[in-house]
Amino acid sequence: MTYKEKGLLFILSGPSGVGKGTVCKALKKRKTNLAFSVSATTRKPREGEREGVEYFFKTREQFEQMIKDNLLLEWAEYVGNYYGTPLDFVEKTLDSGKDVLLEIEVQGAMKVKKNYPNGIFIFLAPPSLGELRRRITGRGTESEDIINGRMTVAKAEIEMMKHYDYVIENDEVERACDRIEAVVMAEHLRRARVMEKYLQLMEGEGI
Ligand code: 5GP
């Protein structure tokens with residue numbers, strides 16, 4: 001008997017502008033066993049983006065129909081557009097034993113957490129406290145109001161970390177990818193997962 005392990009669902013998320021898209025693109029270029037989900041969106045394609053590769057481009061009506069038909073694992077409205085993860089691909093891929101990675105913003109990640117608590121949540125964080133300070137104070141010419149506003153946003157972003165299993169600083173894209181791969185490997189080595197595999201194999205052999 002062969003034991004077929006289900007794939008693991010990894011969610012890469014984090015504050016806007018932290019570089020999730022760039023890190024994900026770099027990760028796609030590597031030889032990994034990860035399958036990358038292609039999201040549906042109502043935003044217009046940017047130059048060079050292809051249907052079904054970067055996104056599935058939908059009208060608002062089509063997207064709302066997808067929501068009604070329960071075709072999305074999660075969805076969120078972000079800067080005036082809908083973004084969502086097609087459920088079918090994720091379920092089929094996980095069932096086939098392959099890991100899936102979602103690169104999504106934080107509201108969507110929290111919905112996945114509700115619907116799929118077994119997911120592994122990775123928070124991509126700004127590079128360093130110094131960088132955080134630069135992001136907040138900017139060029140040093142902004143008013144106190146603007147700086148206070150950014151402080152509030154930054155605080156809320158850092159607070160979000162508590163909902164995640166791992167935090168990866170995006171100090172350098174390739175290093176961030178190395179760390180994601182390390183998380184994927186470590187998750188596969190968890191005692192509970194490995195032991196389950198052994199127990200099922202032994203049961204199959206009548207041991
Ligand atoms: P962009 O328009 O720059 O491609 O993406 C904008 C934001 O939407 C990014 O933060 C990206 O992570 C997020 N995003 C992309 N696909 C999805 C999705 O399926 N669900 C959610 N919730 N966010 C997504």
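Helix 2, residues 60–68, lies across strand 3 (39–41), strand 4, strand 5 and strand 6, and runs at about 45° to strand 6. Contact here means heavy atoms within 4.5 Å. Axes are lines fitted to C-alpha atoms, for helices over the stretch in contact, and angles run from 0 to 180 degrees between N-to-C directions. Helices (H or I, at least four residues) and strands (E, at least two) are DSSP runs, numbered from the N terminus.

Before going on: this is a predicted model, where local features need pLDDT of at least 70 and side-chain atom pairs count only at pLDDT 80 or more, while totals for chains, interfaces and linings use all residues. Residues are numbered from 1 along each chain as its sequence is written, and side-chain values use heavy atoms, with hydrogens and water left out.

The sheet under discussion is open, with 4 strands in the order 4-3-6-5 and mixed pairing; two strands pair if DSSP finds at least two bridges between them. Its edges are strand 4 (55–57) and strand 5 (72–78), each pairing on one side only. On average, neighbouring strands are turned by 25° against each other, direction ignored. Strand 5 and strand 6 (residues 81–86) run antiparallel and are joined by 6 bridges.

Now the ligand. Which residues come nearest to the ligand? Of the 15 around it, they are R43, Y55, Y83, E103 and E105, where a residue counts as near if one of its heavy atoms lies within 4 Å. For polar contacts, the cut-off is a pair of N or O atoms within 3.5 Å. A ligand oxygen is 2.6 Å from a side-chain N or O atom of R43, and a ligand oxygen is 3.0 Å from one in the side chain of R46. For E105, a ligand nitrogen is 2.6 Å from a side-chain N or O atom. The protein covers 89% of the 510 Å² of accessible area that the ligand has on its own, by the Shrake-Rupley method with a 1.4 Å probe.

Strand 2 and strand 7 (residues 99–103) run parallel, joined by 3 bridges; F36 stands opposite L101 in strand 7.

Methods
Polar contact = N/O pair within 3.5 Å; in protein donor to acceptor, adjacent residues only side chain to side chain.
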